[in-house]
Amino acid sequence: MFNSLSDRLTSTFKNLRTRGRLSEADIDATVREIRRALLDADVAVPVVREFTGAVRERALSSEVSGALNPAQQVVKIVNEELVAILGGATRPLTLAKTPPTVIMLAGLQGAGKTTLAGKLAHALKGQGHTPLLVAADLQRPNAVTQLSVVAERAGVPVFAPHPGNTSAADDPAADAPLIGDPVGVARDGVAFAKERQHDVVIVDTAGRLGIDEVLMQQAADIRAAVNPDEVLFVIDAMIGQDAVNTAKAFADGVDFTGVVLSKLDGDARGGAALSVAKVTGRPIMFASTGEKLTDFEVFHPDRMASRILD
Ligand code: GDP
């Protein structure tokens, strides 16, 4: 990811380095190139506008004219502004004071929610937590089975309506909820976690290929029913310009608390990554970088910015 954007910015700065003092014309030419590179990387237009505005203003100030190495100072400004649009500081997961911590996943179908559920559970288990996965995606016949497979791979139990119930159904004390009531499944899953002292519950929810009012309402109902500590919006980094509208719809619909960028291992141009935190005002918290359980990392805006400018 970011290969093309990274190359474009690097060559822009290489041109700049051949100059000693920077004139306003030099700075304007540089800002123009940055603007084109960001637009070509599918970054949302308002984000590009704000970004280049901030870079230009700072580049024209004494911050640069008074610097020993003006070109280097411009690169530093671009780096700082990139960190800022990516959300600033790393935002850790909020854990509930009284367990269980409830984490709800939302996003379009195919975004990578189920895969992420396994990765997150695996990572939390590695930190000594005792996560439970809850299959509240009853939209696709396969989703429950898929979550069960993911859970097994991660070595964590899953609470699910039939089929694929490895925990609740085997237990006569746990009433497995009826298929078709995802809100009930989510609520019962959280109750089950409390009973069994799982300290984290990850609730997988249904998505459609596009924004869908019925499913958005269902996600909102699940949110209301389980009162999550985190609602993570999972977004495929490959979706380009659509990222902004999708993210806004989910921000309005389920009021998510954080973003997970998935498929960062692909050849996405980077627009989603660079737009979503800024347009929704919610932090990017994790990145998914492949299909394996361990292809998962905490998102660090500063490291991502450095990667882009490397
Ligand atoms: P869901 O519909 O949101 O639950 O999405 P899934 O978790 O089922 O993922 C959809 C597809 O994307 C599956 O084939 C996953 O293996 C794949 N996938 C998920 N996350 C990643 C990732 O970070 N990188 C890559 N390359 N593929 C991923």
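## Sheet, helices and backbone of a predicted model

F286 stands opposite V298 in β8. Three bridges join strand β7 (residues 284-288) to β8, and the two run antiparallel. Helices (H or I, at least four residues) and strands (E, at least two) are DSSP runs, numbered from the N terminus. Two strands pair if DSSP finds at least two bridges between them.

This is a predicted model, in which local features need pLDDT of at least 70, side-chain atom pairs count only at pLDDT 80 or more, and totals for chains, interfaces and linings use all residues. Residues are numbered from 1 along each chain as its sequence is written, and side-chain values use heavy atoms, with hydrogens and water left out.

**The sheet**

Eight strands form an open sheet with mixed pairing, in the order β3-β2-β4-β1-β5-β6-β7-β8. At the edges stand β3 (158-159) and β8 (296-298); each has a single partner strand, so one side of each is left without a neighbour in the sheet.

Two helices meet this sheet. Helix α7 (residues 141-154) packs on it, touching β2, β3 and β4. The direction of α7 makes about 165° with that of β2. Helix α8 (residues 182-195) lies across β1, β2, β3 and β4, and runs at about 165° to β2. Contact means heavy atoms within 4.5 Å. Axes are lines fitted to C-alpha atoms, for helices over the stretch in contact, and angles run from 0 to 180 degrees between N-to-C directions.

**Strand β4**

How many residues of strand β4 (residues 200-205) are buried? Six of the six are, so the strand is largely enclosed by the rest of the structure. Buried means under 20% relative accessible area, exposed over 50%, and partly exposed in between (1.4 Å probe, protein chains only). V200, I202 and D204 point one way from β4, while V201, V203 and T205 point the other way.

β4 pairs in the parallel sense with β1 (residues 101-106) over five bridges. With β2 (residues 131-136), β4 also pairs in the parallel sense, over six bridges. D204 is the bridge partner of L105 and of A135.

**Helix α12**

In helix α12 (residues 301-309), the buried residues are P301, M304, A305, I308 and L309. Seen down the helix axis, they fall within an arc of 130°, so they line one face of α12. The arc is that of the directions from the helix axis to the C-beta atoms. Their cover includes α1 (3-17), α5 (70-85) and α11 (271-280).

**Backbone exceptions**

Most residues other than glycine have a negative phi, and most peptide bonds are trans. A cis peptide bond joins P99 and P100, with omega about 5°. P100 sits in the loop between α5 and β1. Two residues that are not glycines have a positive phi:

| Residue | Phi | Relative accessible area |
|---|---|---|
| N227 | about 45° | 60%, exposed |
| K263 | about 60° | 32%, partly exposed |

N227 lies in the loop between α9 (213-226) and β5 (230-236). K263 is in the loop between β6 (258-262) and α11.

**Confidence**

The protein chain averages a pLDDT of 90, and 94% of the residues score at least 70. pLDDT is the predictor's confidence in each residue, from 0 to 100. Over residues 163-178 the pLDDT is below 50. Beyond near neighbours in sequence, that stretch has 27 contacts in the model. The predictor gives the complex an ipTM of 0.99 and a pTM of 0.92.
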